[in-house]
Amino acid sequence: MNRFSDMQLLVDAADLSSLSAAGRRAGLSPAAASACVQRVEAMLGARLFERTTRQLRLTDEGRIYIASCRVAIETMREAERAVRSGTDAVSGTLRVSSPSDLGRNLLVDILDQFMTLHPDVRVVLTLSDSLSRFVPDDIDVAIRVGKLQDSELVARHLADSWRVVSASPACIEAHGLPEHPEDLAELPTLVLTTNAGPRNEWRLGDTVVRVRRYHESTDSEVIRRWAVLGRGFAYRQLWAVATDVREGRLKLINAPAWSAPAPIHAMYHPNAFQPPRVRRFVDFLHAEMQRRLPTDEAVAFASSR
């Protein structure tokens with residue numbers, strides 16, 4: 001068997017959790033399939049699978065190697081399709097994860113344009129307000145907002161953003177405008193809750209305030225609706241409230257003084273040979289984010305009024 005066939009057998013074994021089933025798919029006997037895996041493991045000097053009579057489980061080394069095998073296989077197939085068609089068209093499945101707010105407000109339209117340009121790419125989009133900084137192996141590109149933790153992942157800066165405090169005219173009329181950041185601690189507020197708990201620590205310029213009187217939800221759209229209905233002061237991304245501010249449903253509170261930077265990054269695994277669809281999408285995403293979001297703080301806040 002050649003290297004490509006070896007990689008395909010390993011990927012199939014991981015997907016099917018069965019070396020025998022992977023061998024049957026490749027037209028190999030169980031003994032031949034097992035010999036193939038042993039040969040690759042000997043070449044690498046590492047075990048790829050933990051094998052028992054009932055279970056086939058990837059080792060840590062196996063997860064790393066087979067993730068790269070998937071990329072290599074997909075890259076070869078895309079190259080073959082491009083050569084046959086005489087174009088630089090891209091295809092395959094693109095898996096993207098994003099916070100819900102960004103997905104609804106920005107990413108859905110950017111992906112729509114990308115799908116129009118590349119109709120042979122199948123998009124799988126995961127939206128959640130509880131996404132961790134970690135990017136799973138089955139995600140090609142993860143979009144994250146805010147300060148990044150140290151990671152072996154590649155992080156490409158897409159655009160700048162700021163978190164701001166906003167409230168409806170009714171809320172301001174009922175409770176007044178806070179004069180100092182600490183005033184928000186005792187005012188009604190709205191807090192997004194994630195797997196890490198409620199995000200009730202708000203950075204307002206150089207001050208960090210822990211709000212105490214709050215309603216909370218795991219859905220950022222619920223927070224937006226509550227804010228518009230006057231249920232409290234909310235702490236959200238500037239681009240997420242810009243339309244409500246321009247149309248008078250919300251007002252920014254002491255902006256830009258009470259704001260905090262929250263850069264947006266695309267994160268992906270550091271494979272040497274990224275599939276063309278991933279490279280093309282990250283480049284397209286960067287260009288669109290730069291076009292849609294002002295890079296200057298003063299311009300950003302002025303355009304949101």
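1. Buried denotes under 20% relative accessible area, exposed over 50%, and partly exposed in between, with a 1.4 Å probe and protein chains only. This is a predicted model, in which local features need pLDDT of at least 70, side-chain atom pairs count only at pLDDT 80 or more, and totals for chains, interfaces and linings use all residues. Residues are numbered from 1 along each chain as its sequence is written, and side-chain values use heavy atoms, leaving out hydrogens and water.

2. S17, although not a glycine, has a positive phi of about 55°. S17 is partly exposed, at a relative accessible area of 46%, and sits in the loop between helix 1 (3–16) and helix 2 (19–26). Helices (H or I, at least four residues) and strands (E, at least two) are DSSP runs numbered from the N terminus.

3. The loop between strand 14 (251–252) and strand 15 (259–261) contains P256, and the peptide bond from A255 to P256 is cis, with omega near 5°. N254 lies in the loop between strand 14 and strand 15 and has a positive phi of about 50° without being a glycine. N254 is partly exposed, at 34% relative accessibility.

4. Rings of Phe, Tyr and Trp (its six-membered ring) pair if their centres lie within 6.5 Å; planes under 30 degrees apart count as stacked, over 60 as edge-to-face and the rest as tilted. The count comes to 3 aromatic pairs. One of them, F114 with F281, is edge-to-face, at 5.2 Å centre to centre and 75° between the planes. Both F114 and F281 are buried.

5. W202 and Y235 are stacked, because their ring centres are 5.1 Å apart and their planes at 15°. W202 is buried at 1% relative accessible area, and Y235 is buried at 16%.
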